[in-house]
Every structure is written in structure tokens, then in C-alpha cells.
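Have the sequence and the 3D view ready.

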Amino acid sequence: MSVLQEISQNVRNIKQLEYAALARRATQIQKELSQGVRKPYKELTDVCWGDPHSLGVKPLTFVRQVLAACVYPELMSSHKLPLDVRQRAQWLLGKCEGGSIGSYPASAGIPEIIQRMSKSIARRDGGVPCNPENVFISPGSQWSLTNIIHVLVNDEAPLRTGILIPVPCHVTTITSITSLGAAVVPYFLSEEHGWALQVEELQRALESAKGGCNPIALYVINPGNPAGYVQSRKSIQEVIRFASEKRLVLLADEVYQDCVYGKNSEFVSYKKVLAEMGPPFSDTVELASFHSVSKGFMGECGLRGGYVELVNLDPNVVNYISNLNYDTTSVLAQFALDLMMNPPRPGDPSYPLYNQQTQDIKNMLVQNVKMAHEVVNSLPGLSCQPVEGGAFVFPRVLLPPRAIQKAKEEGMQPDTFYCMRLLEETGVLITPGCEYRQKEGTYHIRFCIMASQDTINKALKHLATFHTKFMKDFS
Ligand SMILES: Cc1ncc(COP(=O)(O)O)c(C=O)c1O
């Protein structure tokens with residue numbers, strides 16, 4: 001097989017994303033609307049992705065003021081900017097050659113920023129030390145994750161490298177794993193138990209991989225995407241014990257760590273729990289923890305900034321990974337990381353507004369989740385587990401057999417068919433559960449709730465009307 005044939009084979013092996021057909025149709029509809037084609041709606045309501053600013057969430061003033069002053073330092077002479085904004089911008093620019101964001105940053109990232117990030121990680125974890133040499137910044141957490149998977153994959157071994165993934169799972173991770181030639185080993189989260197991660201299921205998944213691939217890593221998402229669970233400390237301890245016993249590298253995707261709103265839930269990092277468990281776990285279990293400026297209250301997806309912290313990895317591996325990170329992260333993304341991890345504190349001039357804005361976003365999320373939960377659970381054939389964190393809801397749809405049959409006839413997965421109909425009839429764009437994998441015979445939909453209340457209100461109103469009609473039409 002030629003190299004090109006091999007590449008094209010690999011590309012075919014990557015499952016065609018179900019969303020592609022929906023996105024194509026949405027683009028056509030957009031065009032039709034702009035050409036004046038009459039439809040029961042005037043515009044699309046796209047609540048597919050965790051991209052808060054595109055969904056009407058406002059950027060944080062402190063973040064944008066500091067970045068603006070860094071891009072255009074003349075602004076610093078204006079007293080319109082609060083003192084701490086000017087001081088922070090001055091400090092950040094002081095770390096750039098020639099005091100300009102236009103000069104090349106240090107290849108591995110600006111050392112002072114990485115040091116401050118590691119202090120912030122240690123603060124988050126109640127004083128568990130964080131070595132700046134183990135923190136690697138990147139153009140987004142997904143970039144870091146893909147790199148780590150790349151390092152883990154052994155192309156030359158007789159068995160393919162396997163990575164345990166939750167089902168449902170963040171879709172881009174599945175794509176990263178398969179495109180790097182590794183095998184996904186699915187473990188199913190228990191929907192009936194609020195999408196709980198159960199160790200017996202990890203055990204089953206590992207057994208199922210025997211002979212098919214060589215599982216070497218366990219990927220977890222906490223808080224969850226698409227199913228908004230938040231793992232308890234006890235659950236994390238169980239996962240760590242399992243990883244230790246089975247010698248699996250833990251890949252902890254913790255990008256939604258600031259988005260926890262369940263009444264009895266709190267975010268505790270894998271790193272903190274690992275440290276609390278003490279030896280032998282704390283000094284043997286290999287952990288990579290990911291975070292990002294895309295999520296949380298900043299929602300600065302477009303700036304492309306993230307990082308990974310590595311714990312207990314072999315120094316040679318760490319060294320290799322550090323080389324992969326050379327010259328990758330833009331100066332503004334590095335600044336954004338500094339701002340996310342070192343926000344204004346009480347007493348700082350920017351604190352009152354920053355506090356107000358982050359509180360408003362938190363309240364908006366709580367309100368959106370409440371509304372989504374109420375509306376979804378009031379509709380026969382739709383049900384949603386409690387959502388405790390993250391940016392999405394992932395309700396289950398009990399599709400009537402006639403709808404499933406019709407989907408088959410149209411060559412679509414049943415939940416894609418449901419989403420396509422919703423798009424066609426209401427202009428609301430959401431994603432089908434099959435995109436994230438799901439238990440056979442179950443169907444789900446996912447939509448983002450990190451959006452303005454108006455956007456969510458509108459999407460829910462359309463969903464309720466559509467769903468009632470759909471169920472009637474197909475029952
Ligand atoms: C669980 C999870 N991890 C990672 C990412 C990607 O983050 P980034 O923008 O930092 O690459 C997302 C984005 O939706 C996500 O949901």
C-alpha cells in the first residue's frame with residue numbers, strides 16, 4: 001500500500017461525524033433565509049458547541065482590558081483603565097522582549113507566567129506543590145491531549161495501543177485517538193445513576209479489550225461533557241486505585257473545573273486527590289491534567305490557550321513532551337492563561353466588576369440548567385439526569401419505532417434524524433447523541449447551556465413545540 005493509500009484508508013477509518021450532515025444543512029438554511037425563503041423562523045439558533053461568546057455570553061471586562069492594553073500600550077496612559085489593569089498589562093509586557101507582544105516569546109512559554117500558573121494550581125489544590133517544570137502551555141487543551149496521546153501510542157507494537165474512554169465522550173478526543181492510530185476502549189457511564197463512573201464497568205471494559213488492543217491509558221472528563229456529572233472525591237479515589245492496579249496513565253480532562261453548580265457538588269482535582277491518597281499512589285500513578293481558557297467564565301475559545309500538568313511521568317517522557325511544545329502558544333494565549341489563573345482579588349480596583357460578571361455567568365448557568373431540566377423533563381419521551389457541572393445537557397429521547405424506521409429509510413442515525421427535523425422545522429441546531437457514542441438502543445441529544453438566557457429560552461421553546469409534534473406524528 002502506498003503512503004497516500006494508507007493515509008486515505010486511515011481517514012476513512014475515522015468515523016464520519018454525524019454532525020457534518022446537520023452542519024451542511026444549517027449552512028444551506030442560513031443561505032435560504034438570507035435569500036428571503038419563507039420559513040417558520042427568521043434565524044438559526046445554534047446551541048451545538050461550548051463556545052460561550054458565540055452564544056451571547058459577554059467577555060470579562062478585566063480580561064479584555066488587560067489584553068487591549070497589551071496589544072495597544074498607548075491605552076495605558078488613559079486613566080479610564082483601572083490601575084490594576086494597567087499594572088497587570090505592564091507586568092505582562094515586561095516579560096516580552098522589547099516590551100511588545102510582537103516579539104517571539106521564549107520557546108517553552110514565558111517562564112514567569114508558567115511559574116505563576118503553577119502557584120495558582122497549588123493554591124487550587126490547597127497547597128499540594130506544583131512544579132512549573134511539569135506545566136506545559138499549549139494552543140488549547142485539546143492540542144495538549146492530542147500530543148500526550150501521540151506520545152503514548154506505540155506504532156511498532158503487535159497490538160494497537162488502547163485508551164479507555166467514557167461513553168458518552170467529548171467527540172474531539174475520540175477523533176484524536178482514532179486519527180493517531182490508537183483504539184478506543186469504551187466504558188459506559190451509568191445514566192440511571194446520574195452518569196456515574198463505576199469501577200466494575202472500567203473492569204469490564206478492560207477485559208473486553210483483551211487480545212484486541214493494549215490499553216495503557218484511562219481518559220476521564222470531570223466535570224463531564226456531554227453528560228454534566230461531577231465526580232465525588234470517593235469516585236476519583238476509586239478511579240485512581242483502578243489506574244494504579246492496572247498500570248494505566250490517567251488523562252484527566254478538567255476543562256470545566258470552574259463550571260460546577262450542583263447543590264452538593266464540588267470540583268476536586270485528580271491531582272489533589274492523588275496527593276491526599278499518599279504513597280504508593282501519590283508517587284507512582286501517572287497523571288496528566290488538562291485545563292483551558294476556552295471554558296469556565298472566560299470562555300475565550302478563540303484565543304486558543306490551554307495547559308497540561310504532568311505528575312509522576314518519567315523525566316525522559318516529560319522532556320520529550322516539552323520538546324513537542326516548543327514555539328506553539330501565542331503570546332496573547334499565554335497572557336490569557338495568566339489572567340484566568342490569577343484573576344483580580346478582593347481589594348483590587350477591578351475586583352467588584354470581575355466578581356459581579358463571574359457571578360452573573362454562574363447565575364445564568366444555574367438558571368439555564370434549571371430551565372432546561374424543567375422543560376425537558378416535562379415532555380413525555382424526553383428525560384434528563386441532574387446536571388451538576390460543565391456546559392451541556394444531554395437528555396435521553398425515547399424515539400417511537402416509526403421514527404426509527406423512517407430514520408433508517410433516510411440513511412440517518414435515529415437521533416440525527418430527530419435533530420435534522422428540529423433544525424428544519426424550528427431553525428434550532430443541536431447535536432445527536434450518536435456523535436458522542438451511547439449505549440446501543442438509546443438515543444440522546446446535546447445542547448450547550450453556557451449561553452445567554454434569551455438564547456436558551458428560545459431554543460427550549462422551539463424544542464418543546466417541536467418534540468410534542470414529532471412524538472404525535474410518529475406514534
Ligand atoms: C471536555 C473537553 N475537553 C477539551 C475541550 C477543548 O478545549 P480547548 O479549546 O482548550 O482545546 C473541550 C471543548 O469543548 C471539551 O469539552
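A quick term to begin with: a residue is called buried if 20 or more other C-beta atoms lie within 10 Å of its own, exposed if 12 or fewer do, and partly exposed in between, with the C-beta atoms placed from the backbone. By that rule Asn-312 is partly exposed, because it has 17 C-beta neighbours inside 10 Å.

Before going on, a word about the model: it is predicted, so local features need pLDDT of at least 70 and side-chain atom pairs count only at pLDDT 80 or more, while totals for chains, interfaces and linings use all residues. Residue numbers start from 1 along each chain as its sequence is written.

Helices (H or I, at least four residues) and strands (E, at least two) are DSSP runs, numbered from the N terminus. Asn-312 sits in the loop between strand 8 (306-311) and helix 11 (315-324).

What is the backbone doing at these spots? Most residues other than glycine have a negative phi, and most peptide bonds are trans. Here are the exceptions to look up:

| Site | Feature | Angle |
|---|---|---|
| Asn-222 to Pro-223 | cis peptide bond | omega near -10° |
| Asn-225 to Pro-226 | cis peptide bond | omega about 10° |
| Arg-247 | positive phi | phi near 55° |
| Asn-312 | positive phi | phi near 65° |

Pro-223 belongs to the loop that runs between strand 5 (213-221) and helix 9 (233-246), and Pro-226 is also placed between strand 5 and helix 9. Arg-247 comes in the loop between helix 9 and strand 6 (249-253). Is Arg-247 buried or exposed? Arg-247 is exposed, because 11 other C-beta atoms lie within 10 Å.
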